Amino acid sequence: MSAAVSDDGILLPAASRPFLVEIDGHYVWSTTPDRDGERQGGGVLVPWPGVLRPYLSGRGRVRVTDATGTEVLYDAEVGLGTGEGRLAVVDRAGHRLSVDKVGHLTRSFAATGEEVREEILAGTRRAIDDLREHAGVAAYLNYGALLGAVREGRMLAHDSDTDLCYLSDHTSPADIIAESYRITRAMRERGWNLLRMSGGDIKLLLPLSDGRQCHIDVFVAFHVGDTFYQLGNRSGSLPRSAIEPFSTIELHGHEFPAPRDPERMLAFLYGPRWRTPDPSFRYADPAAGVRRLDGWLRGFRTEMGLWTGFLSGPDVREVPAGPSPFARWVGHHLGRPGPDSPGVVDLGSGTGRDALWFARRGHRTLAVDHSRRSLTMVRGRARRRGVDVEVDQLILGELRSTLLLGTRLARAPHHLYARHLVGCLDDAALDQLWRLCRMALRPGGGQLFLELQAAYDGPDGAPGTPVRPEGLVRRVDPGALRAAIEDAGGVVEELVVEPGEDMLGRPDPAVCRIRAHWPAPALTPEEDR
């Protein structure tokens with residue numbers, strides 16, 4: 001069977017092998033039908049990835065082939081969405097993007113020129129040298145960089161970063177985290193700009209001459225008993241003797257350190273068929289190992305990349321620029337601020353529209369979000385508009401992040417403001433939100449203001465209007481939320497459900513607003529003396 005292309009996705013033959021998708025001659029995505037799609041009409045319909053959908057309106061030539069490019073299943077001009085204009089999966093500077101191995105839109109090595117590629121190789125070499133000479137850890141090539149070097153002697157065309165690992169001597173998560181922070185300090189002293197991804201994973205940001213930044217991931221690996229762990233999320237059986245002492249390997253003619261037995265490492269990472277190209281490969285990590293690594297080092301960041309994709313994509317332009325009706329409602333409750341008035345913390349600030357409005361009204365304002373794209377956006381908008389807004393990262397899936405902010409807010413009175421945040425959180429992150437409320441609101445007497453899209457049944461008994469962004473926000477039962485607040489020690493002062501607006505400024509028939517506070521715990525008679 002051949003393929004068929006529509007707004008819904010691509011209809012492919014049932015198969016457990018990968019297929020590549022190009023638009024106007026540029027690779028954009030790969031998929032394995034039996035894994036990614038649903039049986040339909042004699043084949044398998046694979047939906048377009050959510051990160052691609054905002055770009056799929058216009059006309060373009062879509063080509064679908066097997067992984068080698070020799071078997072062509074589809075090659076024709078198609079119209080998607082409105083059918084107006086040309087299909088172009090590009091960033092704001094016009095650079096071609098593709099879906100990477102973890103579902104993010106990025107620029108792949110296939111779209112990278114030789115001069116820039118040499119910059120990436122030289123930067124990776126410098127990172128290894130700095131890690132060894134100044135941070136005291138011996139790093140080696142791993143993941144896609146190692147796979148490309150062993151299999152082809154060059155970078156994988158569909159990869160987008162380089163990956164390094166170092167094998168720690170520590171077995172305690174606390175010691176591993178302390179070591180990682182020491183490495184961070186040493187690399188910053190060497191002039192590296194970096195991002196911390198977890199307690200054992202950092203990204204070195206390498207600026208390139210074409211205007212972008214290449215990420216050099218630095219992952220920790222370690223043994224606990226007989227089990228080998230490696231971020232991100234690998235675990236299983238691999239002895240230290242397979243890694244040390246290092247071997248060397250060539251990548252585009254450059255020599256890099258590699259595990260002592262590269263093939264055994266690649267079989268551990270990618271399975272026995274690692275030699276067969278599969279751009280759609282996905283890791284199948286043992287659940288117990290993932291759970292341990294999340295608890296030890298990572299916390300939970302399941303949708304961080306999806307939110308960054310939304311905030312970087314065209315759909316973010318649908319978010320209104322001015323303050324939301326909820327911000328004005330909260331502003332009415334707060335009144336005009338005085339010198340000693342509590343500050344306002346915008347939790348999940350997104351584009352910063354409400355944080356900027358609170359700041360313009362004279363409130364001390366802190367905007368926090370888990371997405372670095374959001375933080376960059378808010379900083380830029382505040383700077384351009386001459387508004388004083390403090391910006392920081394909060395990851396409610398990580399206890400450490402919650403405790404840091406809670407401790408900071410406990411020192412001075414603040415109100416907590418969260419518009420359409422609750423519908424984005426899982427149960428664990430909601431528990432962290434209530435923990436933050438207890439820490440931040442009890443000492444200073446501030447209030448919590450929540451707005452969310454409420455769960456309800458339509459006139460025909462069907463579930464209520466869907467919410468957007470699709471797959472990132474859900475409706476929440478107001479009664480269950482009230483109970484959760486009260487179980488966490490809070491007092492709900494006001495709860496209303498009425499028509500309002502969703503995150504993108506569209507009318508919604510059931511929006512819930514909550515105002516609550518956390519009273520200080522009553523003292524025992526002994527404490528009250």
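Tutor: A residue is called buried when its relative accessible area is under 20%, exposed when it is over 50%, and partly exposed in between (1.4 Å probe, protein chains only). The structure above is a predicted model, in which local features need pLDDT of at least 70 and side-chain atom pairs count only at pLDDT 80 or more, while totals for chains, interfaces and linings use all residues. Residues are numbered from 1 along each chain as its sequence is written, and side-chain values use heavy atoms, with hydrogens and water left out.

Student: Is Trp29 buried or exposed?

Tutor: Trp29 belongs to strand S4; strands (E, at least two residues) and helices (H or I, at least four) are DSSP runs numbered from the N terminus. Beyond four places in sequence, Trp29 touches residues including Phe19, Leu20, Val46, Trp48 and Val99, a contact being heavy atoms within 4.5 Å. Its relative accessible area is 6%, so Trp29 is buried.

Student: How many of the six residues of strand S4 (residues 26-31) are buried?

Tutor: Trp29 is one of the residues of S4. Strand S4 is largely enclosed by the rest of the structure, because its buried residues number five.

Student: Which residue stands opposite Ser30 in S4?

Tutor: Two strands pair if DSSP finds at least two bridges between them. Strand S3 (residues 19-23) and S4 pair in the antiparallel sense over five bridges, and they form a hairpin with two residues between them. In this pairing, the residue across from Ser30 is Leu20.

Student: Which residue in the turn of the S3 and S4 hairpin has a positive phi?

Tutor: Most residues other than glycine have a negative phi, and most peptide bonds are trans. In this turn, a positive phi of about 50° belongs to Asp24.

Student: What is the phi of Tyr143?

Tutor: Tyr143 is found in helix H3 (residues 143-151). With a relative accessible area of 3%, Tyr143 is buried. Its phi is positive although the residue is not glycine, with a value near 50°.

Student: Where does His252 lie?

Tutor: His252 also has a positive phi, near 55°, in a residue other than glycine. The residue is placed in the loop between S18 and strand S19 (254-258).

Student: Is the peptide bond from Leu231 to Gly232 cis or trans?

Tutor: Gly232 is found in the loop between strand S16 (227-230) and strand S17 (234-236). The bond from Leu231 has omega near -5°, and it is cis.

Student: What is the volume of the largest cavity?

Tutor: On a 1 Å grid over the protein atoms alone, a cavity is a set of points where a 1.4 Å probe fits but cannot get out, and its lining residues have an atom within 4 Å of a point. A search of the whole structure finds one cavity of 30 Å³ or more. The lining of the largest cavity includes Phe109, Met155, Asp159, Asp161, Thr162 and Leu251, and it divides into five nonpolar, two polar and two charged residues. The volume, the space filled by probe spheres set on the points, is about 50 Å³.

Student: What is the relative accessibility of Thr162?

Tutor: Thr162 is one of the residues that line the largest cavity, and it is found in strand S12 (residues 162-167). Among the residues that Thr162 touches beyond four places in sequence are Phe109, Ile120 and His215. Thr162 counts as buried, because its relative accessibility is 3%.

Student: Is Gly50 buried or exposed?

Tutor: Gly50 lies in the loop between strand S6 (43-47) and strand S7 (58-66). Its relative accessible area is 56%, so Gly50 is exposed.

Methods:
1 Å grid on protein atoms, 1.4 Å probe; cavity = no way out; pocket = protein on both sides within 12 Å on 5 of 7 lines; lining within 4 Å. Nonpolar A, V, L, I, M, F, W, Y, C, P; charged D, E, K, R; others polar.
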